[in-house]
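Let's take a walk through this protein together, from single side chains up to the whole chain. Please have the sequence and the model open beside you.

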Amino acid sequence: MRKVLAIFSFLFWSTFSYGAQFYPTVVDNKLANGNDFAFWEKKTNYTRTYHVAQNQSNASDDNDGSELYPFKTINKAAQLLKPGERVIIHTGLYRESVSPKFGGSAPNKMISYEAAKGDSVVLCGSVLAPAELFEISKGWIFNENVLGQINDSSSLFWQINLNPDWFKGYNPFGMLNLPNDIEWLDYKKAKMKAYFQRRGLIFIDDNKANQVATPTELSKAPDFSFWVEHNGLRIHIKLPKDKSPKDCKIELTNVEQVFAPLEYGLGFIQLKGITFRHAGNGFPVPQRGMVSTSRGHHWIVEDCAFEWANSVGIDMGNESWGTKEQSEIAQHVFRRNIVRNCGISGMQCYRAKSMLVEDNLFERIGFHDAEHAFESAGIKFHQAENCLIRRNVFSKITHASGLWLDYNSNKNCRITSNLFSEITTARGGVYIEVSRNNCLVDYNIFYKMRSQYWLSGEYGAGGSAFYTDGSDSINFVNNLIIDAENTGYGAYLNAERLVDMRGGITCDHRVERNVFIDCKKQAIEFANTRNFSDNNLYMNSKPGYIKIGNPAPALLLDIETTNKLYGWDRNSKLGYLSYDFNVDARICSLKISKDLSVYPEFWLLKSTNSEFNADPRFISK
């Protein structure tokens, strides 16, 4: 039986001296302009249901796919499904790559791929390496002082010749991570190690093995490391001296993608309740996820898990700026999914039109440490328009932003009621780049933002809760920021970044009704005075907690001075408190030493009977 994924309420609550609570979640479906998001989902009454059950004794792809005579592989059903039909997949670890042949034809004529209720369905892009194919490594210098056979008593090295039958035209161990489009790769500043590693991943007893570049590095590396010979056909693995391959489960990724149509532009496909695991895909761009819509439209992906992609977990857009635009693109629904352990990004979408992304968990993204390719984030959207991103949790992310909207994004987008927690990045928890239209960022919590390193000498976005680069017209309201190493709300002018015939002006930003607690540098950094702030609460602020970058020299101010100079912050407050903010798998709690009822105008103090009473949800194992 499939292990049931429990849905927990993710409650944001705060205990003050008088016992108030807060729920920073709104229940409306509004976009930034006040209009409702355009929902399109309808119920499909399926006219035919196929079954796949690899563990059933009579399962065969020669069967008719009925419940009594099921198919053995998912890809068999994927070649047959027509609009208004579905496949129910039963318990199993399916080591295959699925390429749907057809899409649905309308919201009520979907094609659906569903895990059977209560069953555990894993679609896996790796092979199990037989122990008998391993032998003691030979012919290479693993120790700088020893030639030939290894006599290092602390460990043994094992080699395996890869079976060509495992790879159908794509061997990730023979290919570098380096993206196809290297236009934006910053060679001078980037840590290049990850880019020149092989795309293949190895898992030993379900743990990702460490890859090294040379045989001598393998000698010095920790146990459970591996090195790939130059042609990608033989691999050497370092195991503890008391273990051999017969003592371990060793899995090798053997595909680029585990679910992706071969034909571009298929629409109206649903994925439900499936775990997608293991893929040896390369760094974007192009964006080619472990799961891909292949430039499709109107997909519904819900209650799924995406685990251990070498680069991108799922791509749902047009893949690259070098592709021909589709007549229809995106308009997908992505809800109640877990996306974790992806090397570059959890989810990407180029031309992100009318995307609904809600109630998902993104965690442990960015293990490759490759931010200078400029594609690393829990979610990375380009040209986002009319998107609603709400009630998601972005947690424990390193070498990647939580959410990054890039290049002409934010045409009427809203980012609301999300938790961004424990994110270490060169940018920010939310990073918005060269965007020129209205964006609303409201009712979010940002906690423990840290800086991996300063991105450049020109500006430092790392460790900021929110940071924008060359963007206009952002409304940042009713957010709670706690413990940011850098800035709560930061903005960089980038006047020479030319987009749509002009450079950035970074104006018309409004920062209102936010609570900034322990922002280590500034609470707010505006690029210039063509912006506005008011009704904010600044707690435990450092001197100069409001920065105005231009004209030079930059001004480091407080609320009294911004009020005097610009008429801002007339209703803002400055204060000090001690607090304890705790985040675990289901609940985050804020305990504050000070009775904040003296600031009744702030949303933080509204009771559970207020409008902020919905629960963000996510799935947890």
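Contact here means heavy atoms within 4.5 Å. The model is a predicted one, in which local features need pLDDT of at least 70, side-chain atom pairs count only at pLDDT 80 or more, and totals for chains, interfaces and linings use all residues. Residues are numbered from 1 along each chain as its sequence is written, and side-chain values use heavy atoms, with hydrogens and water left out.

Start with N281, which is in contact with Y170, N177, R199, E256, R288, G289, M290, A309, N310, S311 and V312, leaving aside its neighbours within four places in sequence. N281 sits in the loop between β18 (275–279) and β19 (291–292). Strands (E, at least two residues) and helices (H or I, at least four) are DSSP runs, numbered from the N terminus. With a relative accessible area of 0%, N281 is buried; that word means under 20% relative accessible area, whereas exposed means over 50% and partly exposed in between, using a 1.4 Å probe and protein chains only.

Which backbone atoms lie by the side chain of N281? A polar atom of that side chain is 3.0 Å from the backbone oxygen of R288, and a polar atom of it is 3.1 Å from the backbone nitrogen of S311. Such polar contacts are pairs of N or O atoms within 3.5 Å; within protein, one must be able to donate a hydrogen and the other to accept it, and residues adjacent in sequence count only if both atoms are side-chain atoms.

N360 is another asparagine to look at, in the loop between β26 (356–358) and β27 (361–365). N360 is buried, at 0% relative accessibility. Its side chain has a polar atom 2.9 Å from the backbone oxygen of F334, and a polar atom 2.8 Å from the backbone nitrogen of N337. The C-alpha atoms of N360 and V393 are 6.3 Å apart, although 33 residues separate the two along the chain.

## Aromatic rings and charges

How many aromatic pairs does a search of the whole structure find? There are 32 of them. Rings of Phe, Tyr and Trp (its six-membered ring) pair if their centres lie within 6.5 Å; planes under 30 degrees apart count as stacked, over 60 as edge-to-face and the rest as tilted. Two of these pairs are set out here.

| Pair | Centre to centre | Angle between planes | Arrangement |
|---|---|---|---|
| F37 and F39 | 5.1 Å | 70° | edge-to-face |
| Y113 and F259 | 5.1 Å | 85° | edge-to-face |

Y113 lies in strand β6 (residues 111–115) and F259 in the loop between β16 (250–253) and β17 (269–272), so this pair ties together parts that are 146 residues apart in sequence. Y113 is buried at 1% relative accessible area, and F259 is buried at 2%. As for the other pair, F37 is buried at 5%, while F39 is partly exposed at 41%.

Charged ends also meet rings. K380 has its charged end over the ring of W404, 3.8 Å from the centre, and R427 has its charged end over the ring of Y431, 5.7 Å from the centre. A charge sits over a ring if NZ of Lys or CZ of Arg is within 6 Å of the ring centre and within 35 degrees of the ring normal.

## Cores and a sheet

A nonpolar core is a set of buried Ala, Val, Leu, Ile, Met, Phe, Trp, Tyr and Cys residues joined through side-chain atoms within 4.5 Å. The largest one has 87 residues, of which Y113, F276 and F381 touch the most other members. Contacts of F381 beyond its neighbours within four places in sequence include M347, C349, I389 and W404. Another core of 20 residues lies apart from the largest one, with I160, L162, I237 and L239 among its members.

Strands pair if DSSP finds at least two bridges between them; β8 and β16 have 3.

## Backbone details

Most residues other than glycine have a negative phi, and most peptide bonds are trans. The bond joining V285 and P286 is cis, with omega about 5°, and P286 lies in the loop between β18 and β19. N540 has a positive phi of about 60° although it is not a glycine.

Across the chain, there are 3 helices and 51 strands, and buried residues make up 62% of the 621 residues.
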